[in-house]
Amino acid sequence: MRKERTVLRGRPVSPGAGFAEIMLFKKEAVKIPEEPAADIEQETGRFLSALRRAVVEVEQFYADALERLGETEAGIFDAHLSILKDEYSVEQPILDMIRTRSLNAAHAAEKQFSELVELFTGSDDPIFKERAADMADIKDIVVRNILGIPKQSLSKINRDVIILADDLAPSDMAGMDTARVAGIAVRLGGPTSHMAIISSTLGIPAMVRTESWDALDVNGAPAILDAVHGDLVLHPTDNDINEFRLLSQKLKHEAVENTAYLNRESVTADGERFHICANIGIPSDVSAARDNGAEGIGLFRSEFLYMNRGDIPTEDEQFEAYKTVLRAMGGKFVIIRTLDVGGDKELPALHLPREENPFLGCRAIRLCLSREDIFMPQLRALLRAGAFGNLGIMFPMISSMRELLAAKDLLARAADELRGEGTAVGKPKIGIMIEIPSAAVLAEHFAEEVDFFSIGTNDLAQYTLAAERGNPNVEHLLSPYHPAVLRLISMAAGAASKARIMCGMCGEAAGDPLLLPLFVGMDIRELSMSPSKILPARKLLCSLRKDKCVELVKKVLTLADADQVKALLQSGYE
Ligand code: PEP
Ligand code: MG
């Protein structure tokens, strides 16, 4: 008997399409014993040897990932390893719980890691939230090793499948028999979760935030995953199958065409030069940037160096990380953003007080200006690294001139200190993120004080529209298509052109093909995005005429709401 066709919507994170049967992957919950430790010495020994086995297990994941996926994705397990080896937030607190509260090793480990998971889950920042899944993965590895339970694995799949799961941890992905996986759809996750990153590197179609399938009998059902439009079609009709075939052909054709743009410059059809660059989080991401033809790094989010550890990275550690990226980019412009944490992004080592309204609180440059003990080592590391490449130092969350001048003063002081010590200092360019409406409104003044702007559309939209990032209840209001956001972008870009400084963009909107013609028309010369979006964006940019894009901007800026803007951009501009 034919089962009923059902469509589950979700958010595509690795574009593509697959047709196979559903394999439901459900993780069995591990039961944690709660009886107290009988022999404290024995229990601490049991924990320490399980921790060592966990390290060996993750080292194996790292080696496999390096071979199968490359340096960028293997870096995930490097981060796992640094957490496992972090005495301050893992080994010591767990040993303390065993020794002072007589908890058994599994119970103590479960408690400590659950606290870390909660810390990340409670963050308002979607990137930090998504790291909670990594922490849960490490918890699972350690607890299983203490209890001697083998890992559930996706390593032996004997037919082509679309995997449906609540979420997939990096270790699930590492062991997966990817040759048989036609697609992945998960209920949780987000665009920067590791499942999304690894799927997109491996070219597996994937979707997150899939609608609930609880009321359906899905295991083994035939399905089409369309991870371009965000549909999982269960029990597809002949018509669905025909459409799937057409979409697959189109995607294959596009992939071949995109590679032709790998070594081309980003130049419009009427000869205007732009740069399409990559956003990165950790130094090893630079390989994905280069593999996708990035013409520079438009945003290195330095806060990733501070995450997943119990202390602050030293000046020397930071210097090495920044130097690695600058060298790897061989003279191309690399923008490193100073620390953007605080308030919502809780880093345990900072011991920051909780805030009622963290997005409007003491974060980013506000925090750095009040904590010279943290900021100065970063500025010194950046200045030293600047001698090894073409560096731009960018200050985040600038809302007033006073903050910019104070940050520049500290930078000048760090440079004087280094020169006084006889250390080589580069000549970095100085820039700010335009991500708070006040900075966009006053852009002409800021332009006199800096060498470049980079527009952060994620925060600019959040602050302009008073709609919190990552809050599903106001997701519908948070749109970069909103004319108010576009007007602010245009004001900042116009001020930069007038002052003859570079204007770039590093928020998510930079990689949106519908908006690209507008940004070209606004003269935003550097567009920085996740590496996988670079080639399609370059292909599109090379087909545009700047003069036509300028006309389009004029038209769009007369409109009153986001839907009208989107409709016009989708219409082909009639
Ligand atoms: C932005 O706000 O657009 C941006 C790029 O910064 P982040 O997403 O890191 O806040
Ligand atoms: Mg921001």
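In which sense do strand E4 and strand E5 pair, and over how many bridges?

**View 1. Strands E4 and E5 side by side in the predicted model.** Strand E4 (residues 161-165) and strand E5 (residues 181-186) pair in the parallel sense, over five bridges. Strands (E, at least two residues) and helices (H or I, at least four) are DSSP runs numbered from the N terminus, and two strands pair if DSSP finds at least two bridges between them. Look for Ile 163, which stands opposite Ile 184 in E5.

**View 2. The eight-stranded open sheet.** Follow the order E1-E8-E7-E3-E4-E5-E6-E2, where the pairing is mixed. At the edges are E1 (6-9) and E2 (11-14), each pairing on one side only. From one strand to the next, the twist averages 30 degrees.

**View 3. Helix H7 on the sheet.** Helix H7 (residues 194-202) packs here, touching E2, E5 and strand E6 (206-208) (contact means heavy atoms within 4.5 Å). The direction of H7 makes about 55 degrees with that of E2; angles run from 0 to 180 degrees between N-to-C directions, and axes are lines fitted to C-alpha atoms, for helices over the stretch in contact.

**Notes.** Residues are numbered from 1 along each chain as its sequence is written, and chains are lettered from A and ligands numbered from 1 in the order written. In this predicted model, local features need pLDDT of at least 70, side-chain atom pairs count only at pLDDT 80 or more, and totals for chains, interfaces and linings use all residues, while side-chain values use heavy atoms, leaving out hydrogens and water.
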